[in-house]
Amino acid sequence: MSKLDEHGKWRKHWFVLCDTSLRYYRDIEAEELNDLDGEIDLASCVNVSDCEVEKNYGLQIQTKRAVFTLSAMTSRIQRNWVKLLKQAIQYNLQ
């Protein structure tokens, strides 16, 4: 997937869903080297939804501190991420 950065540019990342966070890396090799680009704290997440973006199929993760806009290559990938992220958030609330 791609992530919209603070400068309004799309950056491709490799995303990994962990227990309480969504981690992103430059690529799969960076994950293997544990070279983290960033992390979204799902414990502070208030909403996950699909959204309109100019590139492919968008989704937004809204936390207490920030909003993250991502773009999936297909609508199926987008729907799967939204579903998995909502499940992870619900699990963290229990």
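**Five-stranded sheet.** I began with the open sheet of 5 strands, whose order is E2-E1-E8-E7-E6 with antiparallel pairing. Its edge strands are E2 (10–12) and E6, and each pairs on one side only. From one strand to the next the twist averages 25°. For the terms: helices (H or I, at least four residues) and strands (E, at least two) are DSSP runs, numbered from the N terminus. Two strands count as paired if DSSP finds at least two bridges between them.

**Ground rules.** The model is predicted, so I noted its limits: local features need pLDDT of at least 70, side-chain atom pairs count only at pLDDT 80 or more, and totals for chains, interfaces and linings use all residues. Residues are numbered from 1 along each chain as its sequence is written, and side-chain values use heavy atoms, with hydrogens and water left out.

**E6, E7 and E8.** I followed E6 (residues 45–51) into E7 (residues 57–63). The two run antiparallel and are joined by 6 bridges. Aspartate 50 stands opposite leucine 59 in E7. I then went on to E8 (residues 67–72). E7 and E8 also run antiparallel, joined by 6 bridges. Isoleucine 61 has phenylalanine 68 as its bridge partner in E8. E7 and E8 make a hairpin with 3 residues between them.

**The E6–E7 loop.** The hairpin of E6 and E7 has 5 residues between the strands. I looked at two of the loop residues. Glutamate 52 is found in this loop. Glutamate 52 is exposed, because its relative accessible area is 79%. The cut-offs are under 20% relative accessible area for buried, over 50% for exposed, and partly exposed in between (1.4 Å probe, protein chains only). I checked glutamate 52 against threonine 69: they are 17 residues apart in sequence and 9.8 Å apart in space, C-alpha to C-alpha.

Asparagine 56 sits in the loop between E6 and E7 as well. Asparagine 56 is not a glycine, yet its phi is positive, about 65°. Most residues other than glycine have a negative phi. Asparagine 56 is partly exposed, because its relative accessible area is 36%.

**Asparagine 34.** I looked up another positive phi. Asparagine 34, not a glycine either, has one of about 60°. It lies in the loop between helix H1 (28–32) and E5. Asparagine 34 is exposed, because its relative accessible area is 56%.

**Serine 2.** I turned to E1 (residues 2–4), where serine 2 has its place. Serine 2 is buried, because its relative accessible area is 8%. Leaving out residues up to four places away in sequence, serine 2 touches Trp10, Arg11, Lys12, Lys55, Thr69, Leu70 and Ser71. Contact here means heavy atoms within 4.5 Å.

**Three-stranded sheet.** I found an open sheet of 3 strands, order E3-E4-E5, with antiparallel pairing. E3 and E5 (36–41) are its edge strands, and each pairs on one side only. The twist averages 20° from one strand to the next. E3 and E4 (residues 21–25) pair in the antiparallel sense over 4 bridges. Valine 16 stands opposite arginine 23 in E4.

**Largest pocket.** I asked which residues line the largest pocket. They are Met1, Ser2, Lys12, His13, Trp14, Phe15, Lys55, Asn56, Ser71, Met73, Ile77 and Trp81. Strand E3 (14–17) and helix H2 (75–93) are the elements that give two or more residues to this lining. About 170 Å³ of space lies in the largest pocket. A pocket is an open set of points on a 1 Å grid over the protein atoms alone, where a 1.4 Å probe fits, with protein on both sides within 12 Å along at least five of seven lines; lining residues have an atom within 4 Å of a point. Grid points are joined across faces, edges and corners, and the volume is the space filled by probe spheres set on the points.

**Record check.** I looked up the annotation last. An unreviewed UniProt entry carries "domain: PH" over residues 1–90. UniProt positions are given in the numbering used here, feature names are shortened, and annotations may be inferred rather than shown by experiment. Over residues 1–90 I read 23% helix and 46% strand, with the end C-alpha atoms 23 Å apart.

Terms used: Axes fitted to C-alpha atoms, helices over the stretch in contact; angles between N-to-C directions.
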